[in-house]
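Trainee: I would like to learn how to read helix packing, chain contacts and backbone features in a model. Can we take one case and go through it step by step?

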Amino acid sequence: MGEKKREFWRWTEYNWHNPDVNPKDAEAITGGVDVGAVSTQAVIMTDGALYALASMRTGSDSPDSARNAMNWAMEDSGLAIDDLHYTVGTGYGRVNVPFAQRAITEIACHARGANFIYGPSVRTVLDMGGQDCKAIHCDEKGKVTAFLMNDKCAAGTGRGMEVFADLLSVPIEEMGDMSLDVEKEPPMVSSTCVVFAKSEAVGLLREGWPKSKVLAAYHAAMAHRVVNLLDRIGMEKEFAITGGISKNTGIVTRLKRELGVEPLATEYDAQIAGAIGAALFAQDLLLKQRNEI
Amino acid sequence: MAAVLPIHYPRSLLRAFNVLPIEVWGPPQIDAGLGAAHLQAYVCSIVRNALAFLLSGGLEVTDLIVVPHACDSLQGLGSILIDFIQPRQDVLPLYLPRGNGERHIGYLIDELRAMYERLSKTTQRAPGDDELMASIQREETADEFLAELHQQRGKLTTYDFYRLIRAREYLPAEGFIELAQDILKQQGASRTAGIPIVFSGIVPEPMSLLQSITEAGGEVVADDLACCGRRLYPPGTSKDPFRRMAERLLGVPPDPTLGSPISARLEHLLGMVKKGEAKGVVFYSVKFCEPELFDLPMLRDGLQEAGVPSLTIEVDLSDPLSHQARTRIEAFLEMIA
């Protein structure tokens, strides 16, 4: 009685800033805030270099989420929101970032952010977010040249993974590795709809399937669905994955298998690509504004 | 008053019988449950909503229902109404030919004559050729103003322009002419020039979509919409009223529901892109609209070959404009800017 139920879907929220940089020395302090359906990332860049970031769950109020994430990114930095010279909002809550001067879509921002994180050779970006998936083509400057979205359901997205984490009582950050802990890939769950897939998974558990096998069946189906999206737009090398699902080894490994292409690796957290892209756009817009003055 | 379903029908014939046509494009965002009970799940929301609207009493003010055979779903709706629903109003189907050659015109003349007989029986009137010609000329004048508004669309914002020209769906010709004259008298452009795009599809619903385009920095410079640009009926020449009505109805820009070949549609789209210096084409389709969806892949391939980017958005008229649709439009405009 009274014991708090463990929430397996919860992923690690964190913040970081570069202690070796004094942001007040910078000529341009720009912000990027990616208010997604599931998570919010705030990034601060000083003269085009990553200075600070925060990644946290999106609350029920987008302006609050944006403000909280940016304040957390600024923790111990001596900065306040008013110190930002220019801020761009992105993500589904992009128009609800109260301190942003512009809103730019997450499609443009993820392409730009992937260009920063993975380098100018990136031509195909797969953004696997909380609520939808996007396959994006971009040029050497990170400008979008084509895109496709799966925005009709939660299949292959962070939200779907969260549902499965709670269903199976497996911490979300362990799901990917656990899904690979099978001797042989089981048949994929037949439905890509999260609601139906959940029902199917319950049936499989009742049949005695271990959690790892159920997860393998779900991860394989999700990866396959995303491959279909990439097939439609066409795969151009180099290939990079952004968004929260980029951290899921079960999906990434299966994507590699199906596509026969190794995604680019990075030391950055690819979940912040959208916010980085937004901060880079903010830098461009700030310079443009200053030149016009 | 006649409730008229999409797309092509002889306005002048109805008006000659003193019947005012009110078009029913959906309507959008209504409870479609009553309609869904009679239709397969793959029938589009224009047909489903229209049936729901009728069954919920929305068309009680009308005396007639005209169902042109634009597609299989509309033809099916006509049959369901006549055979099963049997509404209080007379239901007049209109079978349109798939082509615009001489034999197609001949066929349509016969259809229009049959419709004349049906209208005559319903209204107890029998307008002569002079009355028919007067009605035709009034509609031709309204259509000339409509074409002129399309030419001078820059006087209005995208949203205001489509609100204005869609008044043709319910206003009598003389009312529309008055409205058009007022707008055409206005000087200069009032809108802010945005990223030029061509809009293709059936109907721009929800209309807030057009505001979203403007807010995202876009501007529709030409359209290939079934309810708008595909209904720029040319003035007729024949002295025979039935031939004149038939020639006008079949003289429109390429339209898949009239059997236009894809090559003609592509050429038309590319022509609009060139003339309007558009940077891309947005295909805005109603889910399950077969005539649109059959052509779509080839049209997009053709545009791509010509270096014209395009975007497809599918909507259900029962739903509000989704965040995802807005994101797609904004991202497309960012891409082509």
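What follows is a dialogue on some features of this predicted model.

Trainee: Start with helix packing. At what angle do helix H6 and helix H10 of chain B pack?

Mentor: Take the angle and the axis distance together. Helix H6 (residues 129-151) and helix H10 (residues 241-250) of chain B pack at about 25°, and their axes are 9 Å apart. H6(B) is therefore roughly parallel to H10(B), as angles under 35 degrees are classed that way.

Trainee: Which hand does the crossing of H6(B) and H10(B) have?

Mentor: That crossing is left-handed.

Trainee: Which residues of H6(B) and H10(B) meet?

Mentor: From H6(B) come B:Asp129, B:Leu132, B:Met133, B:Ile136, B:Gln137, B:Glu139, B:Glu140 and B:Asp143. On the H10(B) side they meet B:Pro241, B:Phe242, B:Arg244, B:Met245 and B:Arg248. By class, this contact of H6(B) with H10(B) has 6 nonpolar, 1 polar and 6 charged residues.

Trainee: How do the axes of H6(B) and H7(B) cross?

Mentor: Helix H7 of chain B covers residues 158-165, and its axis crosses that of H6(B) at roughly 175°, the two coming within 11 Å. H6(B) is therefore roughly antiparallel to H7(B). B:Leu146, B:Leu149 and B:His150 in H6(B) meet B:Phe161, B:Leu164 and B:Ile165 in H7(B). Here the classes are 5 nonpolar, 1 polar and no charged residues.

Trainee: Now the two chains. How many residues does each of chain A and chain B give to the contact?

Mentor: Chain A gives 16 residues and chain B gives 13 residues. About 1300 Å² is buried between chain A and chain B, and carbon and sulfur atoms give 52% of that area.

Trainee: How many salt bridges does the rule find across the interface of chain A and chain B?

Mentor: The general idea is that side chains of opposite charge can pair when their charged atoms come close. Across this interface the rule finds 1 salt bridge. A salt bridge joins the side chains of A:Arg94 and B:Glu330, at 3.1 Å from N to O.

Trainee: And how many salt bridges are found in the whole structure?

Mentor: Over all chains the search finds 36. One within chain A pairs the side chains of A:Lys134 and A:Glu106, with 3.5 Å from N to O. This pair links distant parts of the chain, 28 residues apart: A:Lys134 is in strand E8 (residues 133-138) and A:Glu106 is in helix H2 (residues 106-118), both of chain A.

Trainee: Turn to the backbone. Which residues does a cis peptide bond join?

Mentor: For a peptide bond, look at omega. In chain A, a cis peptide bond joins A:Lys237 and A:Glu238, with omega about 0°. A:Glu238 is in the loop between helix H6 (211-233) and strand E10 (239-242) of chain A. In chain B, B:Pro6 and B:Ile7 are joined by a cis bond with omega about 5°. B:Ile7 lies in the loop between strand E1 (2-4) and helix H1 (11-16) of chain B.

Definitions and conventions:
Residues are numbered from 1 along each chain as its sequence is written. Chains are lettered from A and ligands numbered from 1 in the order in which they are written. This is a predicted model: local features need pLDDT of at least 70, side-chain atom pairs count only at pLDDT 80 or more; totals for chains, interfaces and linings use all residues. Side-chain values use heavy atoms; hydrogens and water are left out. Axes are lines fitted to C-alpha atoms, for helices over the stretch in contact, and angles run from 0 to 180 degrees between N-to-C directions. Helices (H or I, at least four residues) and strands (E, at least two) are DSSP runs, numbered from the N terminus. Angles under 35 degrees count as roughly parallel, over 145 as roughly antiparallel, 65 to 115 as roughly perpendicular and the rest as oblique. A crossing is left-handed if the near helix is turned anticlockwise from the far one by less than a right angle, and right-handed if clockwise. Contact means heavy atoms within 4.5 Å. Ala, Val, Leu, Ile, Met, Phe, Trp, Tyr, Cys and Pro count as nonpolar, Asp, Glu, Lys and Arg as charged, and the others, Gly among them, as polar. Buried area is the accessible area (1.4 Å probe) that two parts lose on being put together, summed over both. A salt bridge is a side-chain nitrogen of Lys or Arg within 4 Å of a carboxyl oxygen of Asp or Glu.
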